[in-house]
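Please look over the sequence and the model together before reading on. The paragraphs below lead from the whole chain to particular side chains.

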Amino acid sequence: MDAEPVDWDLAVATARRLVRPGPQLPRAEADAVVADLRRLAVEAEGHVQAYTRLEPAGPATPIAVVDRPEWVRSNVAGLRVIAGPLLGKLADRERGRLSSAVGRTVTGVQLGTALAYLAGKVLGQYEVFLPPEQAGATSPASTAVLGEPAEALRKEPAAGADGAGADTPARQIVAQAGRLSLVAPNIAHAEQTLGVNPRDFRLWVCLHEQTHRTQFTAVPWLRQHLEDEIGAFIEATDLDPEVLAERVKSAVSAVRGAVLDRGPNAPSIVEALQTPAQRQVLDRLQALMTLLEGHADQVMDAVGPKIVPTVTEIRTRFDSRRGGGSPIDRFVRRLLGLDLKLQQYRQGGAFVRAVVAEAGVDAFNLVWESPETLPTRAELVDPVAWMQRVLGSRPSLSA
């Protein structure tokens with residue numbers, strides 16, 4: 001079997017070597033953080049489902065509290081699944097070339113370097129494409145989540161609200177739908193840096209991540225739709241050398257823009273590398289991700305005041321953290337396209353809040369009826385247009 005165009009093992013090894021350790025906490029305190037996150041994740045699940053009125057179509061998918069190296073490992077596993085078709089195209093083109101062995105090494109190092117940066121930033125995520133056999137995996141190296149190793153920090157999936165254990169056949173089957181992962185050292189570091197109430201902050205984060213989990217478990221077509229769109233993006237990839245050369249020129253320009261910090265509207269290196277055909281697909285992907293992120297942001301703010309006493313303080317300090325950082329940090333965010341995610345939070349949140357305020361949660365939930373009821377990028381900045389198309393009315397949003 002020919003080697004893959006990316007050295008995945010090297011990517012994991014590189015990221016684990018470069019990633020910074022988590023905050024140093026006494027073992028008992030570290031154990032308490034992990035136990036608290038597991039408990040609050042289950043608690044948040046009930047609050048999210050009650051507010052959104054979205055019910056999972058099957059048994060709960062796993063919840064895992066992980067460290068930074070485990071986050072790297074699971075994300076590489078997911079990337080390997082979703083990037084398979086594109087890498088297959090690249091492998092066919094490069095097969096037999098001496099440069100391919102060098103290329104897969106370089107790509108592995110580059111990917112590992114990017115993941116090492118992200119591993120210190122992500123608080124949690126719903127891992128949509130994590131392979132089923134990886135969902136409950138545990139490795140000895142990942143037990144040191146917060147400073148000193150602690151047995152309680154092993155990534156055993158927590159029971160969902162249904163009480164199902166990690167080792168039941170049902171749990172293994174539904175693992176195909178993904179896994180909710182909470183990155184314990186990053187959450188602990190963020191709450192320390194922000195100076196906020198730890199219990200409130202952890203529950204607030206869990207509300208956001210549980211909303212993503214609910215989106216994918218309660219909307220049966222959503223995962224396949226996302227996979228189809230990513231597949232369309234890959235199909236639109238042009239490997240012609242002249243086209244690639246033009247994309248590289250655009251990427252160099254994007255790097256220059258990131259160095260000069262030209263602001264959030266300047267293209268990221270990710271956007272610069274795309275062909276016109278890919279941009280059409282990307283518009284739909286960005287609209288979907290903006291909706292998902294905005295919905296999660298709206299839910300955490302709608303539910304938060306009822307169960308998170310210090311939610312206003314948390315939101316204010318957290319938003320300042322999102323937009324701040326050193327010049328180097330802003331450069332890396334711009335380079336990787338992470339500023340786009342911040343725009344998605346704001347734009348998507350404004351869309352969801354506008355629709356819910358005018359038409360209510362049940363009407364908003366029509367967005368999950370089918371891919372055809374998803375908002376376009378234009379409708380995300382014009383909620384009235386979406387309501388007119390999907391709800392059949394054009395209500396006033398002046399209230």
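What follows is a guided reading of this structure, from overall composition to helices, salt bridges and cores.

The model is predicted, so that local features need pLDDT of at least 70 and side-chain atom pairs count only at pLDDT 80 or more, while totals for chains, interfaces and linings use all residues. Residues are numbered from 1 along each chain as its sequence is written, and side-chain values use heavy atoms, with hydrogens and water left out.

The secondary structure of the chain comes to 18 helices and 3 strands, where helices (H or I, at least four residues) and strands (E, at least two) are DSSP runs numbered from the N terminus. Of the 399 residues, 49% count as buried; buried means under 20% relative accessible area, exposed over 50%, and partly exposed in between, with a 1.4 Å probe and protein chains only. The chain exposes about 18,000 Å², of which carbon and sulfur atoms supply 58%, the areas coming from the Shrake-Rupley method with a 1.4 Å probe and, for residues, with only the protein chains shown counting as cover. Among contacts (heavy atoms within 4.5 Å) with a separation of 6 or more, 82% are between residues 24 or more positions apart.

Helix 8, residues 198-218, has 21 residues and reaches 29 Å from its first C-alpha to its last, close to the 30 Å expected, a span defined as 1.5 Å times one less than the number of residues. This helix is mostly covered, since 19 of its 21 residues are buried. At its start, a side-chain oxygen of Asn197 reaches to within 3.1 Å of the backbone nitrogen of Arg199.

Arg199 also forms a salt bridge with Asp200, the closest N and O atoms being 3.1 Å apart; the term denotes a side-chain nitrogen of Lys or Arg within 4 Å of a carboxyl oxygen of Asp or Glu. Of these two partners, Arg199 is partly exposed at 30% relative accessible area, whereas Asp200 is buried at 4%. A search of the whole structure finds 20 salt bridges.

Which parts of the chain does the salt bridge between Arg315 and Asp301 tie together? The side chains of Arg315 and Asp301 meet at 3.0 Å, N to O, and because Arg315 lies in helix 13 and Asp301 in helix 12, the pair ties together parts that are 14 residues apart in sequence. Asp301 is partly exposed at 24% relative accessibility, while Arg315 is buried at 13%. Arg315 meets Asp297 as well, in a salt bridge of 3.4 Å, N to O. That pair links helix 12 (residues 276-307) with helix 13 (residues 311-323), its members being 18 residues apart, and Asp297 is buried, with a relative accessible area of 3%.

The last topic is the nonpolar interior. A nonpolar core is a set of buried Ala, Val, Leu, Ile, Met, Phe, Trp, Tyr and Cys residues joined through side-chain atoms within 4.5 Å. In the largest one, of 64 residues, those touching the most other members include Phe201, Leu207, Leu291 and Trp368, and helix 12 gives the most to this core, with 10 residues. Leaving aside neighbours within four places in sequence, Trp368 is in contact with several residues, among them Leu54, Gln215, Leu222, Leu291 and His295. A second, separate core of 14 residues includes Val19, Val66, Val76 and Ala119.

Methods. Polar contact = N/O pair within 3.5 Å; in protein donor to acceptor, adjacent residues only side chain to side chain.
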